[in-house]
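Biologist: I would like a close look at one part of this model, followed by whatever else can be said about a few other sites. Please keep to what can be computed from the atoms.

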Amino acid sequence: MSLMMFVERVYMGIVICLVKLFGKKPEKRYKYETFKEDVELGNSNYPMVLIQVPMYNEREVYQLSIGAACGLSWPSHRIIVQILDDSTDPTIKELVQVECLRWRSKGVNIKYEVRDNRNGYKAGALKEGMKHSYVKQCDYVAIFDADFQPQPDFLCQTIPFLVNNSEIGLVQARWKFVNADECLMTRMQEMSLDYHFTVEQEVGSSTYAFFGFNGTAGVWRISALNEAGGWKDRTTVEDMDLAVRASLKGWKFLYLSNLQVKNELPSTLKAYRYQQHRWTCGPANLFRKMIREIITNKKVSLSKKIYVVYSFFFVRKIVAHINTFVFYCIVLPATVVLPEVVVPKWGAVYIPSIITLLNAVGTPRSLHLLVFWILFENTMSLHRTKATIIGLLEASRVNEWIVTEKLGDALKGNKAIGKGLKKFRVRIGDRIHMLELLVGFYLIFCGCYDLMYGKNHFFIFLYIQAFAFFIMAFGYIGIFLPNS
């Protein structure tokens with residue numbers, strides 16, 4: 001598994017270097033012509049665009065998201081803003097509706113839509129939103145989660161690619177994390193996600209015109225979305241599900257790394273764990289459901305099938321999580337206690353070091369935090385491994401969907417984030433995570449054995465990693481938060 005991850009990272013590194021050095025910009029690879037205002041024709045050359053903003057009890061960010069969607073630069077009669085409110089809190093529901101009415105009074109074509117149930121969660125809301133009669137006027141749909149704030153020129157930078165290139169079904173923008181400096185935990189998240197956006201998405205777009213839709217900050221051609229079968233709620237990654245199905249229909253995807261959309265990272269350990277469960281369990285479950293369909297598909301090339309099945313799904317979504325936990329947290333510590341377990345130096349030192357450095361290349365400003373990132377990723381690997389197994393076996397919690405908590409202050413540019421986080425600074429989690437606790441004791445045992453009888457002198461590293469697991473086990477996040 002380590003070799004598979006190593007080859008994958010090196011391949012991605014080589015490709016991204018070639019793309020940066022010799023690759024053509026999207027405007028050169030595809031036909032791109034900006035729209036010109038024509039007062040005589042009433043800007044009829046602009047296509048009709050639907051903006052979907054799904055939300056659920058978003059008290060802290062609903063004004064920001066609605067304001068950003070309504071502030072997009074596009075002729076007012078050629079755009080429809082659709083707020084899909086699944087809120088269960090009547091007070092928040094009323095606030096969102098009042099905000100929609102406020103923008104409607106300003107001349108914005110905004111629709112406030114609610115359901116009498118939450119079936120399918122986000123996928124269900126988006127699917128229900130596409131059923132309204134006015135959607136038939138639209139050619140494209142842009143989707144933004146409740147904490148996303150697109151720049152006013154977002155549509156002007158994305159729609160031309162879709163209008164002028166009939167083979168493109170999706171244009172995806174990059175995420176920009178406005179609260180990355182909020183605390184150590186958000187810095188760790190930034191390091192992981194920056195690699196995804198800097199390398200994985202760019203490589204997929206440049207080589208096979210395929211990558212996983214991020215569920216937000218993207219624009220779909222509605223005909224591509226419908227041809228792929230529309231939104232399905234069979235997994236917790238409805239966005240990836242749609243992307244894979246559309247790709248199997250022959251549609252191409254384009255990733256714009258220079259177009260960034262502001263959004264918020266989870267600020268609490270509890271919220272982050274829920275998010276990671278969804279992001280890890282969903283792809284594994286989708287792999288189980290779609291592998292046969294991908295292999296038997298006749299519209300895509302063999303090389304693309306191999307890329308999707310092996311690289312996109314198997315190595316990145318399954319092997320990476322399981323190997324990180326089993327190898328680095330179980331097998332390597334076991335070599336201290338069991339001399340029969342022998343791991344060659346290239347497998348224990350060289351390959352992990354290269355993989356780590358290649359992962360960190362996406363966020364150069366955080367290289368000095370590499371040790372913290374390794375500890376953080378190792379502790380989270382247990383949670384992700386458990387979620388991966390749940391997804392593969394379709395066990396309980398396979399379709400668990402808990403909306404990521406958003407604080408909103410970071411999006412307003414407020415530097416004094418501590419105000420909204422004081423209640424979290426010294427806190428024990430809602431429950432003790434027993435698996436993390438057991439792994440922590442296992443590492444302590446291995447460290448004590450090495451201190452007393454071993455010759456490797458790894459006990460310090462084992463103690464530090466055990467301490468990280470204890471932090472995760474008790475849900476204590478004080479160490480991850482700022483002092484003020």
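Biologist: Is Thr385 buried or exposed?

Modeller: This is a predicted model, in which local features need pLDDT of at least 70, side-chain atom pairs count only at pLDDT 80 or more, and totals for chains, interfaces and linings use all residues. Residues are numbered from 1 along each chain as its sequence is written, and side-chain values use heavy atoms, with hydrogens and water left out.

Thr385 is buried, because its relative accessible area is 7%; buried means under 20%, exposed over 50%, and partly exposed in between, with a 1.4 Å probe and protein chains only. Thr385 sits in helix H13, residues 370-393. Helices (H or I, at least four residues) and strands (E, at least two) are DSSP runs, numbered from the N terminus. A polar atom of the Thr385 side chain lies 2.7 Å from the backbone oxygen of Ser381. Leaving out residues up to four places away in sequence, Thr385 touches His321, Ile322 and Phe325, where contact means heavy atoms within 4.5 Å.

Asp145 lies in a loop, between strand E4 (140-143) and helix H6 (154-164). Its side chain makes a polar contact of 2.8 Å with the side chain of Lys122. A polar contact is a pair of N or O atoms within 3.5 Å; within protein, one must be able to donate a hydrogen and the other to accept it, and residues adjacent in sequence count only if both atoms are side-chain atoms. Beyond its neighbours within four places in sequence, Asp145 is in contact with Pro54, Ser65, Lys122, Gly215 and Thr216. Between the C-alpha atoms of Asp145 and Leu286, which are 141 residues apart along the chain, the separation is 22 Å.

Next, the cysteines. The structure has zero disulfides, a disulfide being a pair of cysteine sulfur atoms within 2.5 Å. For Cys446, the nearest cysteine sulfur is that of Cys448, 9.4 Å away, and Cys446 is in no disulfide. Cys446 counts as buried because its relative accessibility is 1%, whereas Cys17 is partly exposed, with a relative accessible area of 43%.

Last, the surface. Leu3, Trp346, Val349 and Tyr350 make a nonpolar patch of about 420 Å². Helix H12 (residues 345-360) gives the most to this patch, with three residues. Trp346 is placed in helix H12, and Trp346 counts as partly exposed because its relative accessibility is 45%.

Terms used: Patches are made of residues with over 30% relative accessible area and no salt bridge: like charges are joined within 9 Å, nonpolar side chains (Val, Leu, Ile, Met, Phe, Trp, Tyr) within 5 Å. Accessible areas come from the Shrake-Rupley method with a 1.4 Å probe; for residues, only the protein chains shown count as cover. A salt bridge is a side-chain nitrogen of Lys or Arg within 4 Å of a carboxyl oxygen of Asp or Glu.
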